[in-house]
Amino acid sequence: MKGIGKFIITASIIIGMNQAINAGQNFEKDTVKTNTGEIVITFVGHGTLYLNYNGITIHIDPVDRYADYTNLPKADIILVTHHHGDHFSKQTIDLLLKTETKLILTELCAEKFNGKSIVMNNGDRQLIDEIEIQAVPAYNIVHMRDDNTPYHPKGEGNGYVISIDDKKIYVAGDTENIPEMEALKGLVDIAFLPMNLPYTMTPEMVFDAVRLIEPKILYPYHYGNTDLSILEDLMKGDNCELRIRDMK
């Protein structure tokens with residue numbers, strides 16, 4: 001009987017956890033019009049989101065700690081920015097794969113995944129279903145670990161610029177306001193920029209990145225417990241539209 005009691009308690013905990021995840025499945029969504037259709041952005045949480053355009057679903061950094069992926073649409077394209085556990089999950093990717101899914105990984109992710117994938121390094125481009133994907137640098141300059149190595153070394157991670165019809169969406173990955181962002185100046189319609197110390201940027205760094213890139217719309221994401229009002233104050237009067245969504 002003791003063993004049965006333990007089983008019941010454990011099962012109850014698991015069911016409760018699943019209910020908690022399922023309860024959060026009513027994600028915020030935004031729609032962006034293009035010349036030939038609409039992009040629907042679904043905000044899952046932290047660094048995780050997905051896009052749908054004309055029946056094509058693009059999952060970005062899918063991780064099952066933020067959603068029950070058994071109930072989400074399968075992927076036509078999966079983009080993973082880097083190998084840290086809050087951005088890369090093999091078991092979640094396995095849930096989303098179809099036979100024709102194009103899985104884009106960094107080299108370190110591909111080593112951990114040990115399956116069919118496309119490896120992209122900084123500067124690489126891929127054209128998939130008329131959607132162009134460009135991998136751009138994502139790394140730390142200022143914030144370091146105790147051993148004085150960056151949380152995200154240069155060359156290990158990617159940000160991605162996703163060109164869909166006439167719109168360009170920049171999902172920066174885990175990065176700071178690096179000099180390479182200036183190459184995107186005036187080219188990006190929508191930017192997802194991370195803001196979470198000590199791993200990514202301060203609000204001031206995000207504002208500097210906005211000035212480097214000049215996107216039309218900014219979504220701060222991966223922001224944890226950052227005080228969003230600081231960024232809101234910095235952005236007052238800026239031409240870039242700041243949109244706050246639940247992306248802790």
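Q: How many disulfides are there in this predicted model, and by what rule is the count reached?
A: The count comes to 0 disulfides. A pair of cysteine sulfur atoms would have to lie within 2.5 Å to be counted.

Q: What makes C109 buried or exposed?
A: The relative accessible area of C109 is 0%. Buried means under 20%, so C109 is called buried.

Q: Which label does C240 receive, and why?
A: C240 has a relative accessibility of 7%. This value is under 20%, and C240 therefore counts as buried.

Q: How many salt bridges does a search of the whole structure find?
A: The search finds 14 salt bridges.

Q: Why is the contact of K90 with D94 called a salt bridge?
A: The closest N and O atoms of K90 and D94 are 3.0 Å apart. The definition asks for a side-chain nitrogen of Lys or Arg within 4 Å of a carboxyl oxygen of Asp or Glu, so the pair K90 and D94 qualifies.

Q: Where do K90 and D94 lie relative to each other in helix 2?
A: They are 4 residues apart in helix 2 (residues 90–96), and are therefore separated by about one helical turn.

Q: What makes K90 and D94 partly exposed?
A: K90 has a relative accessible area of 36%, and D94 has one of 39%.

Q: What labels apply to K236 and D233, and why?
A: K236 forms a salt bridge with D233, the closest N and O atoms being 3.3 Å apart. K236 has a relative accessibility of 63%, which is over 50%, so K236 counts as exposed. D233, at 47%, falls between 20% and 50% and therefore counts as partly exposed.

Q: Which residues are linked with D30 in a network of salt bridges?
A: The network links D30 with E241, R243 and R245.

Definitions and conventions. Residues numbered from 1 in each chain as written. Predicted model: local features only at pLDDT ≥ 70, side-chain atom pairs only at ≥ 80, totals over all residues. Heavy atoms only, no water. Buried < 20%, exposed > 50% of the residue type's maximum accessible area, 1.4 Å probe, protein only. Helix = DSSP H or I, 4+ residues; strand = E, 2+ residues; numbered from the N terminus.
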